[in-house]
Each structure stands twice: as C-alpha cells, then as structure tokens.
Amino acid sequence: MVVNGWVALTTQDVAKYAETIINLNGGNEDMKKTRLELFIEKNLPKVLKDESLKTLGDRKKYVGSSDIGSCLRATYLNKINPDIKHDMATLIRFERGHIAEGITRKMLHGLPIQEQVEVTAAINGFKIKSHIDFLLENNGEAVIIEAKSVGSPITEAYNSWILQVQYQLHLLKINRDESKSIRAYIVAIDLNSGWFKTFEIAYNEKLAKLAIQRASVLVKAIKEGKEPEAEEQLYCSMCPHKMSCPLMESGVVEVQADLLQLAKEVARLEKEKKETEKVLKAKKAELEEFMRTAKVRKIKADEAFISLTSDTSYTSIDTKALKKERPALYEMLINKFGKEVTRKGYIQVK
C-alpha cells in the first residue's frame, strides 16, 4: 500500500517481514545472544578444562577426594567420558568453589599456609590423590583447611564433605610422620549473603576407612570397565547422566500423547520455577539489606505492599541431638507426646 509516495506496511506485512528475518537467522535462540555471549559459551569450557589439567592433572588417571564424596556411578562416567559437556549455568556454579577458596585465602592471610598440597597413595597400582586447599603444619600438628561454597546457610557439614576431608586426612597421615596430630576445618561460605561458618573435623579411622573403600570401588570399576551402582544425591536433578541412571529410571512408565505433553510442561515449568526462585531469593536479600540500612519498614510497589518484619527468636528442641545423647528420654517423650503425621503424596521433579 502506497500513501503520499511512501510504502505503508500493514500489521500483516510487519509480521511476515519479522518471520523472514527469524528464518534467515536460523530461527533459534542464538539470534538473541550477543557476539560476546556466543564467544564466552565457546571459550569458557575450554579455559576451565585447560585450567583443570594444569592445576589438578588428568583426573582420569587417579581417584581424587571429590570423587569419593559424590555418586560413584556419575564419577565413573565422568572419568571415562572426559569430554562431557555441561551447560553454562553448571560451569559457572562449579567456579563458586574457586571463589570461596580465594576468599578463604584472604581470611588466612598472615598464617604460614601451604596451598594445593598434593598427597598420594595407590590402590592395586592405581593412583589415589588429593589436592589439599590449605595446610597449616608444624613439628607436632598438621591442619587441613578446605573451602566450600553453599547456596544458603547450613548448620552441619554435609556428609560428602566429611568423607572428602577424611580421605584427605588419611592420605596426609600416611604421607607424614604418623605420630603427628592431624585435624581439619571446613570453611563454608554463602557467596550471595556473605554468611560463613567453620566446621572442625577430627580424624576418624572408621570414616577414613569408608572413604578408602569407596575409592577402591571406583578403582575396580575403572579397571574392569563396569559402572558402580548409582547413589541418590542432592544434585541428581543436575547430573548429566541422569537420563540413563538405573536409580532414576526405576519405576518409570512410558506414556504417550497428551499425558506425555503434560509431563513435559510440568517439567519445564518446574525448571522455570527453580530459576525464578533463585533470582527472587537474591533480589529479596538485596532489598532486605537496603530496607534494614535505610530503616524502611514498608514499601508500596504497584499492587503490592512489601514489609520488613521484625526479628524474632524462639527456643526449640534439637530432637536429633536428644535422640543421640538421651535415647531413653527421647523414646519416652515420643511415646507419650508423639503424634503420627500423614502427608499426602505429591509431584516431584528431578
């Protein structure tokens, strides 16, 4: 259509023009990314791989402390498939540990620390090894300091961390004078909120033996080319091997058509929900910090009122500690005051 010598485009014309451009660009998500983003997505995996080889060596050739703390099947598959690709979000999450390590280094400034101390041994001719983040050592004692990042504050060190540290302590023990006293600290840091806490870990012969047993299982699997049994972990949903995992596939029923489409939609929305919740958590923390600093109690935002509630405190009973330290009293209280709670089944997405 021509108006006063100019070509006037209708809404339909604009839509067709936009569709043509999308088709010419391949019609994919890459057209929404800048050239820098595309470069980063190609460059970062290579940089991280080269850095890992430089600092940790070829991880296919030894069993490390982080290997025995996670699912042995996943660890085994990672070792025999070293070129497995992780998405950018996962790669960036991996780097949080290095950031926590850098912060811990500054926390320890002024102390005579050794860094990335390598301790080794062998199981059936296959090397087992650990790179200790920080080590404080004198004639009578050696103290391991391990840095960890967390997504939120915790009250106890994760079992996987404790196993990793026991593995390190055991290797340190056999690489040093065995009369030397050894112990460890785990420094956990939440990079979002600035929270941190230290956990002191004493050498435990039984746990160290368990850690070495797990290393033996992994060594046997590598030598025989047979994957170990899968183990349920906190991060199963992010495991790159979950689609072939026997543990995840147990009880799976194949469905078709509308039901399959509905399941896919639930999975997609659940993923979006988790991503949104992470953003929301960070935004809330930022807003809370401002409101506390500025002594603001309530803000009106469009159709909502956002309030900063007052701090509260209460006393509760640590039932886990009570059961451990006073089992008879725990049983008496449960028998007298306990109540059965039934929870309705729910949809779980991993």
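Trainee: Great. What sort of model is it?

Mentor: This is a predicted model. Everything we discuss is computed from it.

Trainee: How many helices and strands are in the chain?

Mentor: The chain holds 11 helices and 10 strands.

Trainee: And is the chain compact or spread out?

Mentor: More spread out than a compact globule, because its radius of gyration is 27 Å, well over the 20 Å that the globule rule gives for 350 residues. Along the principal axes, the C-alpha atoms fill a box of roughly 95 × 55 × 55 Å.

Trainee: What percentage of the residues is buried?

Mentor: Buried residues account for 23% of the 350 in the chain. The chain exposes about 25,400 Å², and 55% of that comes from carbon and sulfur atoms.

Trainee: OK, on to the inside. Which residues have the most contacts within the largest nonpolar core?

Mentor: Val63, Ile128, Tyr167 and Leu172 do, in a core of 35 residues. Several elements give two or more residues to this core, including helix H4 (72–80), strand S5 (126–137), helix H6 (159–175) and helix H7 (205–224). H6 provides the largest share, with 7 residues.

Trainee: Let's zoom in on Tyr167. What does Tyr167 touch?

Mentor: Leaving out residues up to four places away in sequence, Tyr167 touches Val63, Gly64, Ser65, Ile68, Ile128, Lys129, Ser130, Ala211, Ile212 and Ala215.

Trainee: Then let's turn to the outside. Which residues form a nonpolar patch on the surface?

Mentor: Ile99, Ile103, Met107, Leu191 and Phe196 form one, with about 420 Å² of accessible area together. Helix H5 (residues 88–107) gives the largest share of the patch, 3 residues.

Trainee: How about Ile99 in particular?

Mentor: Ile99 sits in helix H5. Its relative accessible area is 46%, so Ile99 counts as partly exposed.

Trainee: Switching to charges: how many salt bridges are there in the whole structure?

Mentor: A search finds 18. One of them pairs Glu115 with Arg105, at 2.9 Å from N to O. Glu115 is in strand S4 and Arg105 in helix H5, 10 residues apart.

Trainee: What does Glu141 form a salt bridge with?

Mentor: With Arg183, the closest N and O atoms being 2.6 Å apart. Glu141 lies in strand S6 and Arg183 in strand S7, so the pair ties together parts that are 42 residues apart in sequence. Glu141 is partly exposed, with a relative accessible area of 23%, and Arg183 is partly exposed with 23% too.

Trainee: And the salt bridge of Glu231 and Arg214?

Mentor: Their side chains meet at 2.7 Å, N to O. Glu231 is in the loop between H7 and helix H8 (246–249), while Arg214 is in helix H7, 17 residues apart. Glu231 is partly exposed at 23%, but Arg214 counts as buried at 14%, because buried means under 20%.

Trainee: Which residues are joined into a network by salt bridges that share partners?

Mentor: Glu101, Arg105 and Glu115 form one network that way.

Trainee: Last topic, the backbone. What is phi of Asn124 near?

Mentor: Near 50 degrees, which is positive in a residue other than glycine. Most residues other than glycine have a negative phi. Asn124 is in the loop between S4 and S5, and counts as exposed at 64% relative accessibility.

Trainee: And where is Asp302?

Mentor: Asp302 is in the loop between strand S9 (298–301) and strand S10 (304–307). Its phi is near 55 degrees, again a positive value in a residue other than glycine. At 70% relative accessibility, Asp302 counts as exposed.

Trainee: Thanks, that helps a lot!

Note on methods
Residues numbered from 1 in each chain as written. Predicted model: local features only at pLDDT ≥ 70, side-chain atom pairs only at ≥ 80, totals over all residues. Heavy atoms only, no water. Core = buried A, V, L, I, M, F, W, Y, C linked by side-chain atoms within 4.5 Å. Buried < 20%, exposed > 50% of the residue type's maximum accessible area, 1.4 Å probe, protein only. Helix = DSSP H or I, 4+ residues; strand = E, 2+ residues; numbered from the N terminus. Contact = heavy atoms within 4.5 Å. Patch = residues over 30% accessible without salt bridge, like charges linked within 9 Å, V, L, I, M, F, W, Y side chains within 5 Å. Areas by Shrake-Rupley, 256 points an atom, 1.4 Å probe, with all protein chains shown as cover. Salt bridge = Lys/Arg side-chain N within 4 Å of Asp/Glu carboxyl O. Rg over C-alpha atoms; globule rule 2.2 N^0.38 Å.
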